[in-house]
Amino acid sequence: IMNEKIKKMNLLILGGSSLLSFLWCKATFENFNIYLSQHQRDISYLGFPILNVKLDNFRTLASDIIKNEIDIVVNTIGLTNVELCEIEIEKAYYLNAKLPGIIAKACQFTNTKLIHISTDHFFDKGNKRHTEDDEVFLLNTYAKSKYQGEIEVLSNLSTALICRTNFFGYGPNYKLSFSDWIIKSCLANKKIELFHDVYISPLCGKNLALISLELLRLNCKGIYNLSSDDTITKFAFGILLCELQGISNSNIKSGSINDRKDLIQRPNSMALSNSKASKALNKGLGKVSKQILDIN
């Protein structure tokens, strides 16, 4: 008897032109049938079917999910520019909070699995790895709207998987990631300043996609921190990134976030503890050095 080929699951990524969508497609296209939602930017060059989904009404989204037999929805939509969120507060709350609620409702209605991408901007000072249970400290509109988004998602779909994270990787030319910007600047011999007092625990986008799908397969639900196994400052990350990519880091200088009065106030403590996810997966998620080596 011939083995039947295992049917690939249909995965819909909302926010098709986002940096994470690009990285997600690269990481998972061999194992899933990927569909993308398109907003303003043409993303047909990615070569995946595009669904012109209307997201302002859960019923229209639900009918698209049913029609295309979608098994998993990944929500990467968001207004992530911290400065812009303060200027366009209404838009920030619409994209970061209201839409996630509508998406969750559509997934609840159609019994579809949902992965919602959140943020690491929920805490305040100190070089501490924050757990999912730590009290949040919301410094700006971006953080407040993203936190509201988590609440909207879980109140509409208790089985949703919410990933708090900070990620990097090789993005498309119109959407540079933090690591892209560092590499590009150093290769162009351009001086950049990175903060020695901002702590992060970033994952590469590929690993974020693979780990969150694995958690979903294990029926994990609620909030999970997806982060590296260690903590690093943004300055040290830049130095290490260049070192491991074989690029000169002589143009990176160390600076303090406290000196940047032009920026909206943001946390300098964004390190996350991934012990909950590690326990569920029965393994570590990898140190920052491994994340950098995995971006290729």
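Which way, left-handed or right-handed, do H2 and H4 cross? Before you look, note that this is a predicted model, where local features need pLDDT of at least 70, side-chain atom pairs count only at pLDDT 80 or more, and totals for chains, interfaces and linings use all residues. Residues are numbered from 1 along each chain as its sequence is written, and side-chain values use heavy atoms, with hydrogens and water left out.

**Stop 1: H2 and H4**

Select residues 58-67 for helix H2 and 89-110 for helix H4. (Helices are DSSP runs of H or I, at least four residues, numbered from the N terminus.) Their crossing is right-handed; in a right-handed crossing the near helix is turned clockwise from the far one by less than a right angle. The two axes come within 8 Å and cross at roughly 50°. (Axes are lines fitted to C-alpha atoms over the stretch in contact, and angles run from 0 to 180 degrees between N-to-C directions.) That angle makes H2 oblique to H4. (Under 35 degrees counts as roughly parallel, over 145 as roughly antiparallel, 65 to 115 as roughly perpendicular, and the rest as oblique.)

Now show the side chains in contact, meaning heavy atoms within 4.5 Å. H2 brings residues including Phe58, Leu61 and Ile65, while H4 brings Ile102, Ala106 and Phe109, among others. By class, this contact has 10 nonpolar, one polar and two charged residues. (Ala, Val, Leu, Ile, Met, Phe, Trp, Tyr, Cys and Pro count as nonpolar, Asp, Glu, Lys and Arg as charged, and the others, Gly among them, as polar.)

**Stop 2: H1 and H7**

Next, pick helix H1 (19-28) and helix H7 (205-217). Their axes are 8 Å apart, at an angle of about 70°, so H1 and H7 are roughly perpendicular to each other. This crossing is right-handed too. Color Leu20, Leu23, Trp24, Ala27 and Thr28 in H1, then find their partners in H7, including Leu208, Ala209 and Leu213.

**Stop 3: a pocket**

Key:
Helices (H or I, at least four residues) and strands (E, at least two) are DSSP runs, numbered from the N terminus.
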